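Please read them with the structure open.

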Amino acid sequence: MSNNIFDDIERAIETKQPVTRSFNIGGKRCQGSTDEVIDIELISSSVSEPKPGSRWDSSSPATTHRFGEVTPAAPASNFCFPSPSFMPSSVDKPRMAPDVCKQVNKIDAAQLPSDLISDLNRRIFFAQIEFVFSMLSDAFRILFFEKIGAGTAQAWDYVRRMKSASVTESVGIIDLAIKILGRSRCKAALIVGYLLGLRPEYCFRTFPVKSELDSIIPLHNSQIKELIPKQLVIEGRLYLLKSIDYLNDYRGMKEQAVCLYMDKARPKNKFFLIANRVEKEGSYVLEIGTTPVPARLYSRAEMAIHESATIIICMDMTVAMEFRRIARESSLLERVRIIISGYFGDSSAFEALDLTDLPDHRVVIVYEFTQDGLVSASKLAERCEKAGATSVKIYQWPIFAGGGLAGEDQDCAESLGQDQWKDTLLVQADYLDDIERPSKFARAICNRALSISDYKKFIIDIGVVTAPLDSSKESIGRNEAEEVSFISLGEISEDNPKDDGPLTLEQLINPENSSVLYGPTGTAKSFGTDEVAIGVATGTEAFGIPALRARAVCIMDGEISPQKRKKHIMQLLQTRPNLVALANKNIHVRRPMSGFKRFDAAYADILIPKLKLLNAELFIIDNLQALDPKAGKYSSDNLNEFIQKLEFNGIAVFIVHHSDKEGITYKGPTDLTDLAQNVFRVDGRKQLRLLKDKSEQVEEACKEGGPVIRLTVEKTKICGLDDCSVIYHLPMYGVWKWIEGELSSAFKTLPESNSGDSTTGEKDSPLVEAGKLIDLSPDEEKVYAFLKEKNYKRLQLEAVTGFKKDKLGLLLKKLDRLNLVKPEGAGKATYYRCV
C-alpha cells in the first residue's frame, strides 16, 4: 500500500476491486487506527483526477486533544460506513442515506431534548461534536458528508475548507450540516451527533445502575485509553480542561472521569462533563457522550474496603473535586478514616444514585449553596438512611472551593425576593483554600453536623423555606387523653442531641430541660440573659458554649422597656456586626399583655399560638419577681403547669429570678428549682471581692467599671458540668470578656492529634509522672504534643492548635497545675515549654 491516497484510488479504478487503506488520527500510525474502504464505483463516477504531483495529507489538521501528554488517540466515533448501494451515483444526484433519512424524520417530529434547553448545554454539545469530528481522518469526513447528502466533489471542497481555517475561525461541521440538511442548528447538531454516536443526555446526566456486570472488565485490560478533549471552543471562547477526577471500579481501574473545563479568559465560567468507560474492538476507552453513565458515588471502591469509615458526600461538584484532591494529598482516609465522596450532576441528580455502598458507614451530607441544594440535602439524607447507613447527618454551614462562592455563576437570588438566609450562612462559611489541617476540618464537619430533624428546623429558622402551613393550626388545648397517650419505642426519634459530642446550647437549653438563673440585685442578670438569647438566636455561642443552629427566642420583660433591651443586645453585638441581622430576626421582646395576672395553664393556652407563629423555641421570663410575684414568693404550682404546657409544645423555658441579699439562695418556694433541670447562680462584684483565693485578673476586673459576674452551675443533668463556674467582666459600654474558668468540662469531641498516623479510634495515651498515670483530655494532649516538639508563644499556639484565646488559656493552666508545662519570660516575650 502506498503513502498517497491517490495511488490507492488509481489502483481501485484499474482492478475494479475495493481497496482497504489504514488511516491514522493525528498524523501518526498507532494501534487502533481506522480501516477505510475505498469504493471503486463511487470513485470512478464522482472523483476527478488530481493534478500531477499533487499531494493530500490523509491526517486531520486538528491536534490530538488529551489531558496531560499528547499521545496517539484512538477513533472517537461510532460512525457507520455507508454501503455502496447507499452512495450517490454521480455528483449531480447526491442523496441522503436511508438510515439518515429515517433519523432526520424522527428528529423533525420530536421536540428539543430537555438537556439542550439550557443555552450553555447546547453550546457544550455543539463543541463536543466539533471535537469528535476533528478526530476523523479526511477520507472519513468525505464519507460522512456523502452520507448526509453532499456530493463527493462538494464533500472534498468542505474538507479543504475545514483544513484551511484557524481554530477560532474554523468552518464547523454543524455549520456545513445546516446547509446540507436544510435544518436548524439544533436539529443539524442532533443528526450529526447521531451519526457520530453522541447523545446530549449522555453528556450531562447519569442514569440508574442496571447491572454490575456491565462494569466488569478482564484483568488483562489494565490500560484504559482516553478520548477526552483537552480544550473546547464555545462561541469563540477557549475552555481548557482544568482538572480530572478519576473514579475507579472495585478492581482499581478507571471507570469514569469527571472533567472540569474553565474559560481561559474568565476562569469563573466553568462546566463539568463526565466520561464513561466503553469497549471498542477489545480495548477500553474513556469518552464523553457515547454511552449512558451509571450514577455512582465517588470512591465506592474505598467504601467497600474501609467498612467503618465515615463518608462525607459533597453535593456541589466543584467542592467535591477540590475536597477529594485535598483528601488524597493529605492521606485523609489513612489518618482519620474519613472518605470524601460526591456524585455527578446538580443537587437533584441523587435520585438516580446507587447507594448500595453505604451500609455500615456513617454519612455526613454537605449541601450545594443554592436554595434547591439546601432543601434537597434532607431528601438525600433520608435516602441514605433507607440505604442502610449507620447514621446520617447534614453539615449546616456552606463550604466553598476556588476562593469564592461555588454557586456564584448561578442566579443566587433564585425564587427568593430576599436572601437574608444567605447572609446568615455566609457568616459561618468555610473555604477549602484556607484549610491548613484537612484532618481537623473533616472532623469538625462530622462533629458539628446536625441530625435530619434538626437540619429541617434549621433551614426553616433561617428562612430558606417556610414552616408547614398547618403548623399554627395545631390544637392548643389538649384533653387529658392526648396528654397521657403512649408511643412505642420504635416510634421514638433518635435525633435528639447525644451526650457523646461536644457540649452545646441545644443540649443545655431544650424543651426537656427548663432552666432557672438567679442572683442578687445588681449582678447584670439581664445582660447575662441577653448573651444567652444572642447565642441561641444566632446559632453561635454563649459564655463559651457553642450552638449548632439558630432558634427563635421570645423574651417576656417585666422590668426594662423593649427599647432598653434592644440597646443592651446591640451593645453586646458591637464586635459581631455580622450577627445583628439574625438577632433582629430571631429575638422577640414584649411587655406583659393587658390583663395579665400570673403564669398558669390558661395563660399558656393564650401564649402558645403566638409563640408558634414566631417559630419560637425558647421563652425567657425576665424576671419572675416582677412578672409573677406570687409564684416567686409563695407557690409555683401554676407556674409549673405553664412550663409543662410550653414544653409539651416544643418550647423551652428559661426563668430569671432574684436571690436573697447575700446571694446564698433564691427567693420563694423550693419546688421552683426542684422541678427545674438546670439551675445557674450568678455572683456579682460584692461576692467576688469576698473571695480569699481570687486571682489577680479577678482582682483587677473588680476594680474596673462595669459588672463582674461568676456564673456557677448548681444543678444539671449533663455529666461533668456540675459545680463548673466561669467569671466574666462587662466593661462600661463594652462586651463580655472572659476572665477565668470554663463551662466546657463535659466536652467529648474527637481527638485532634497532630501526628500523621492518628485515627478516630485511638485512645488518649496516659502520661506518667512521679509514678502516677495522668490522663489528659484530647485537647490537653494536643497542646502538650506541640510543646514537646518545641517552645511556643501564646499566639503561636493559638495558630497551630486552632484553639481560641480563652480555651487555650484554660488548657495551659491545667497543664501547668499538672507540672507538665511552664511559662517562661515576661510580657510579650512569654513562651511555654515542657517541664
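1. Asn615 is partly exposed, with a relative accessible area of 29%; on the scale used here, buried means under 20% relative accessible area, exposed over 50% and partly exposed in between, for a 1.4 Å probe and protein chains only. Asn615 lies in the loop between helix H22 (601-613) and strand S23, and its phi is near 55°, a positive value in a residue other than glycine. Helices (H or I, at least four residues) and strands (E, at least two) are DSSP runs, numbered from the N terminus.

2. This is a predicted model, in which local features need pLDDT of at least 70 and side-chain atom pairs count only at pLDDT 80 or more, while totals for chains, interfaces and linings use all residues. Residues are numbered from 1 along each chain as its sequence is written, and side-chain values use heavy atoms, with hydrogens and water left out.

3. For the whole protein, there are 31 helices and 33 strands, and 51% of the 835 residues count as buried. Among contacts (heavy atoms within 4.5 Å) with a separation of 6 or more, residues 24 or more positions apart account for 71%.

4. Two further backbone features deserve a check. The peptide bond from Asp622 to Asn623 is cis, with omega near -5°, and Asn623 is placed in the loop between S23 and helix H23 (624-627). Tyr733, in the loop between strand S27 (725-729) and strand S28 (737-741), also has a positive phi, near 60°, in a residue other than glycine, and Tyr733 is exposed, with a relative accessible area of 66%.

5. Strands of a sheet pair through backbone hydrogen bonds, either parallel or antiparallel; here two strands are said to pair if DSSP finds at least two bridges between them. S24 pairs in the parallel sense with strand S18 (residues 515-519) over 5 bridges, where Val516 has Ile655 as its bridge partner in S24. S24 also pairs in the parallel sense with strand S23 (residues 616-622) over 5 bridges, where Phe619 has Val653 as its bridge partner.

6. A separate open sheet is formed by 6 strands in the order S4-S9-S8-S7-S6-S5, with mixed pairing. Strand S4 (224-227) and strand S5 (231-234) stand at the edges, each with a single partner strand, so one side of each is left without a neighbour in the sheet. Neighbouring strands of this sheet are turned by 30° against each other on average, direction ignored.

7. Within this sheet, S5 and S6 run antiparallel and are joined by 4 bridges; their hairpin has 2 residues between the strands, and Glu235 takes a positive phi near 50°. S6 and S7 pair in the antiparallel sense over 9 bridges, with Leu241 opposite Tyr261 in S7. Their hairpin has 5 residues between the strands, and Gly252 in the turn has a positive phi of about 85°.

8. Asp461, in helix H16 (residues 452-461), is buried, with a relative accessible area of 8%. Leaving aside neighbours within four places in sequence, Asp461 is in contact with Arg549, Ala550, Arg551, Lys585, Asn586 and Glu617.

Note on methods: Axes fitted to C-alpha atoms, helices over the stretch in contact; angles between N-to-C directions.
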